[in-house]
Amino acid sequence: MSEPIVVILSLDEKVKPEAIVEKIRKQSNDQNQVVLTDPADTVAYRYHIGTKYYETDVLLFPHASPTTDTLSSAILNRTEGLLIYFNAHDRAFLERLPTYGAFVQKQDIDFGILLCTTLPENASEGVTYGEAKQLCTVLDVIELEPVAEDDDQPSDEAVGVDELIQAMHNHIWSNVQIHRGSRAAAALEALVVGADAEPSSGFSDDDTADETVGPTSNEEEERMEAALNGFEKLLTEVRNLHSNSTSWSRNERLAYAQELAEMFDNMVEEDD
């Protein structure tokens, strides 16, 4: 399967799309280039995404024009993501937002993000977060260099470029490869396939049986009982998802499935 493409546009003359590619990959653009044949001699940049449960490669495509109508049909047919960098101090950008939103919906693109250096707090200084989201609900907004927040902000929360990278890792691309050999991944794979699929044999009622030596105290027995009850509840949720998610999109199923897989891993203390 061909790698999905993430188109990168920039409406700021001072920031080229290639600069966004470098920020994401954290390496020079002379590495891992891919020359596409359609259009001829088009250069894209391979980006590897690896998580605990799956991995994939996508192609980052810096488009020379800020408009989407100049994208070739060959690029559009493989486009699954759109990144748009804009100058947050240029309020004229708001006039173009509805057009980008319509493009994302027309192309059925699930991964779309507006990027800027820093968002101003007041409309008198530029484009605010609230204005951007009000005009275009289908595109998220990420500041690449946000103003430092108060100490109340969790220290482990991804911000800036790391937030963008995290978003790309959390999205499920069409060519994703599920890691084998993990019971949690087996459950995730079954849910990724679709609501009509049955859970993998690696995730079954038999998994509730503990093959280790039984508890030697009342405290251990109570702890084991609580763990089994939690597992049964999780298994019920998985089966309910199969019957209730027929109207969900693939990424909605995947997002929920990954949450369940994480819960399962925590329960069985599975190693990475």
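Asp38 is found in the loop that lies between strand E2 (33–36) and strand E3 (42–50), helices (H or I, at least four residues) and strands (E, at least two) being DSSP runs numbered from the N terminus. The model is predicted, so that local features need pLDDT of at least 70 and side-chain atom pairs count only at pLDDT 80 or more, whereas totals for chains, interfaces and linings use all residues. Residues are numbered from 1 along each chain as its sequence is written, and side-chain values use heavy atoms, with hydrogens and water left out. When residues up to four places away in sequence are not counted, Asp38 touches Ala74 and Ile75, contact meaning heavy atoms within 4.5 Å.

Strand E5 (residues 79–85) is mostly covered, with 6 of its 7 residues buried (under 20% relative accessible area, with exposed over 50% and partly exposed in between; 1.4 Å probe, protein chains only). Strand E1 (residues 5–10) pairs with E5 in the parallel sense over 6 bridges, where pairing requires that DSSP finds at least two bridges between two strands, and Ile8 stands opposite Leu83 in E5. E5 is also joined by 5 bridges to strand E6 (residues 111–116), the two running parallel, and here Gly81 stands opposite Phe111 in E6.

A search of the whole structure finds 3 aromatic pairs. The ring centres of Phe86 and Phe93 are 4.3 Å apart and their planes lie at 5°, so this pair is stacked (rings of Phe, Tyr and Trp, its six-membered ring, pair if their centres lie within 6.5 Å; planes under 30 degrees apart count as stacked, over 60 as edge-to-face and the rest as tilted). Phe86 is buried at 1% relative accessible area, and Phe93 counts as buried at 3%.
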